[in-house]
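Open the model in your viewer and keep the selection panel at hand. The tour below goes from stop to stop, saying what to select and what is there.

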Amino acid sequence: MKSMVLAEHGGSDRLQLVDQPTPIPGPGEVVVRVRAASLNHLDIWIRMGAFGKMKMPHIGGCDGAGEVDEIGAGVEGFSKGDRVVVAPGLGCGLCPDCLAGEDSLCAKFQVLGSSIAGTFSEYVLVNARRLVKVSDALTFEEWAALGVAYLTAWHMVFGRAKMQPGERVLVHAAGSGVGAAAIQLAKLAGGLIFTTSSKDDKLARARDELGADATANYATGDVAATVMEWTKGRGVDVVIDHVGPDTWKTNIASLRKGGRLVNCGVTSGPKVEMEFRPIYARQISLLGAYLGNRHEFDSLLKMADAGRIKPVLDRVFDLADLAAAQDYMDSRQQFGKIILRVP
Ligand SMILES: [Zn+2]
C-alpha cells in the first residue's frame with residue numbers, strides 16, 4: 001500500500017510517499033481502505049515532535065472515511081465494502097470513565113495517527129470499535145472532515161460549555177477547522193455568535209455561509225471592545241478558544257461575570273502570563289476540552305447524515321501532496337477543512 005510516512009520529526013520535507021505491506025487484521029481489528037482523510041493542526045504538532053518522539057517510521061492522520069476491506073476474527077456487524085468513518089479517539093471501553101460515556105478521560109485514550117498509524121495511507125488498521133457505518137448522504141471527503149475538528153467543537157459547545165439557546169458566544173478564528181465547526185454547532189445550540197479573523201473576506205463568509213451574527217477583524221480592530229459593544233457592556237456567556245496566549249487577554253476581557261472559557265489547544269504557544277484576580281472576582285470558569293466522547297461523535301455523524309450539519313470543506317489535495325497540504329494549513333489561508341483524497 002502507498003502511505004505518507006514520516007521518517008523523523010521535523011518540517012513537511014520529512015514526509016515521503018512509500019510503498020509498504022498492507023496490514024493484516026488481528027482479532028477485533030479491521031483494515032479500512034481509506035478514501036479520504038482530513039488535516040488537523042495536531043498532525044503538524046506530531047510531525048514536529050511536540051508530543052515527544054513517535055516510533056518511526058510513522059503514519060499520521062487522525063480522521064478518515066473509506067470502505068471496510070479485511071475483517072479480523074471475532075468482529076461482527078461489518079462486511080467488506082461497508083462505508084465507514086473512523087473515530088479519531090478510542091478509550092479502553094472498560095474503565096469507570098469509559099463506562100460513564102466519558103472515554104476522552106480514559107487513561108488509555110488513544111488518538112489515531114499519534115501513537116498508532118493513521119489515515120494518511122491507502123489502508124489503515126483499526127480496532128473495530130472505532131468504526132461507524134455511514135450512508136452515502138455525504139461524500140467520503142465530507143465524512144472525513146467530521147473528525148477531530150467537529151468532534152472537538154461538539155465537545156466544547158455541548159459537552160463542556162453546555163450552551164443554552166440565546167447565549168452569546170465568542171468563537172475565535174472563523175476560518176480554522178475548529179472555528180468554523182464551532183460556529184455551526186453553537187448556531188445549532190441556539191447561540192448568538194461573534195467571530196474573528198484577520199481577513200475580511202473570511203468574516204463575510206462566516207456571516208453569509210455559517211450564520212455568524214457579528215464579527216471583528218483582530219488584525220485591524222479591538223475584539224474585546226467590539227464584543228462589549230455587541231453585548232451592550234455585559235460580555236459574552238461563552239468563549240470558544242483554541243489559540244491560547246494570543247487570545248487570553250481578549251477572552252478574559254470579553255467574558256461576562258460568571259462566563260465560561262473553553263479551550264482545546266494553543267496554536268499560539270504553550271505559556272501565558274495571567275492575572276488571576278479576574279478569574280475569582282468575576283467568577284469565570286476555565287474548561288479544558290480534549291477531543292470528545294464516542295457518544296458525541298455518534299450524535300455528530302447522525303446530525304450530518306440528516307443534513308443538519310454540512311461540513312465546511314476548503315481545498316482537496318491528493319495523498320502524495322500531503323506536504324503541500326500541511327504547508328497550506330500552516331499558512332492559515334483556509335476556510336474550513338483541508339482534505340486529503342486517497343486515490
Ligand atoms: Zn477507559
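Start with Glu167, which sits in the loop between helix H4 (148-160) and strand E10 (168-171). This is a predicted model. Is Glu167 buried or exposed? Its relative accessible area is 11%, under the 20% cut-off, so Glu167 counts as buried.

E11 and E12 run parallel and are joined by four bridges. Pick out Ser197 here; opposite it, in E12, stands Asn217.

Move on to the second largest pocket. Its volume is about 280 Å³. To find it, select Glu29, Ile116, Leu125, Val126 and Asn127, which lie nearest its centre among the 16 lining residues. Which strand gives the largest share of this lining? Strand E8 (residues 123-127) does, with five residues. Coloured by class, the lining shows ten nonpolar, four polar and two charged residues.

The largest cavity holds about 90 Å³ of space. Select Asp43, His58, Gly60, Phe120 and Gln326: of the 13 residues that line the largest cavity, these lie nearest its centre. Strand E1 (2-6), helix H1 (41-48) and helix H11 (322-330) each supply at least two residues of this lining. The largest share, three residues, comes from H1. By class, six of the lining residues are nonpolar, five polar and two charged.

The last stop is the second largest cavity, with a volume of about 40 Å³. Select Ala87, Gly89, Asp103, Phe109, Leu151, Gly292, Asn293, Arg294 and Phe297 to show its lining. Here the classes are four nonpolar, three polar and two charged residues.

Terms used
Residues are numbered from 1 along each chain as its sequence is written. This is a predicted model: local features need pLDDT of at least 70, side-chain atom pairs count only at pLDDT 80 or more; totals for chains, interfaces and linings use all residues. Side-chain values use heavy atoms; hydrogens and water are left out. Two strands pair if DSSP finds at least two bridges between them. On a 1 Å grid over the protein atoms alone, a cavity is a set of points where a 1.4 Å probe fits but cannot get out, and a pocket is an open set with protein on both sides within 12 Å along at least five of seven lines; lining residues have an atom within 4 Å of a point. Grid points are joined across faces, edges and corners, and a volume is the space filled by probe spheres set on the points. Ala, Val, Leu, Ile, Met, Phe, Trp, Tyr, Cys and Pro count as nonpolar, Asp, Glu, Lys and Arg as charged, and the others, Gly among them, as polar. Buried means under 20% relative accessible area, exposed over 50%, partly exposed in between (1.4 Å probe, protein chains only).
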